[in-house]
Amino acid sequence: MADVALKPIGAISQNMPPILERLGISAKYWFYLNRNFESRFKGLVGSAEAVRQACIQLNKRWVHGIGDCQRFLSANPS
């Protein structure tokens, strides 16, 4: 029987861009957030648009940290 190199389940192709690039997060912000996550976010976390949509679904008018979501986690920060 010939040896067949099988790719492990869940393996990421080497042709894929780096994970932070795929997530749209700069390495500088990722480093910062790893050390300050809990102090920056108190509730909902995600891209600003995702947080806004969650607020609509949850009938919330305000969420702490939406500016940081926009700055750190949105593909097109404003």
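Student: Is Cys 69 buried or exposed?
Tutor: In this predicted model, Cys 69 is buried, with a relative accessible area of 0%.

Student: And what about Cys 55, buried or exposed?
Tutor: Cys 55 is buried, at a relative accessible area of 8%.

Student: How many disulfides are there?
Tutor: The count comes to 0 disulfides. Cys 55 is in no disulfide, and the nearest cysteine sulfur, that of Cys 69, lies 9.0 Å away.

Student: Let us turn to the helices. How far apart are the end C-alpha atoms of H2?
Tutor: They are only 17 Å apart. Helix H2 covers residues 27–40, and with 14 residues a straight helix would reach 20 Å at 1.5 Å a residue.

Student: Where is the kink in H2 centred?
Tutor: The kink in H2 is centred on Asn 34 and amounts to about 60°.

Student: Another asparagine, then: what is the phi of Asn 59?
Tutor: Asn 59 has a positive phi of about 60°, although this residue is not a glycine. Most residues other than glycine have a negative phi.

Student: Where does Asn 59 sit?
Tutor: Asn 59 is in the loop between helix H3 (48–58) and helix H4 (66–73).

Student: Is Asn 59 buried or exposed there?
Tutor: Asn 59 is exposed, with a relative accessible area of 69%.

How values were computed:
Residues numbered from 1 in each chain as written. Predicted model: local features only at pLDDT ≥ 70, side-chain atom pairs only at ≥ 80, totals over all residues. Heavy atoms only, no water. Helix = DSSP H or I, 4+ residues; strand = E, 2+ residues; numbered from the N terminus. Expected span 1.5 Å × (residues − 1). Bend = angle between axes of the 7 residues up to and from the residue. Buried < 20%, exposed > 50% of the residue type's maximum accessible area, 1.4 Å probe, protein only. Disulfide = S-S within 2.5 Å.
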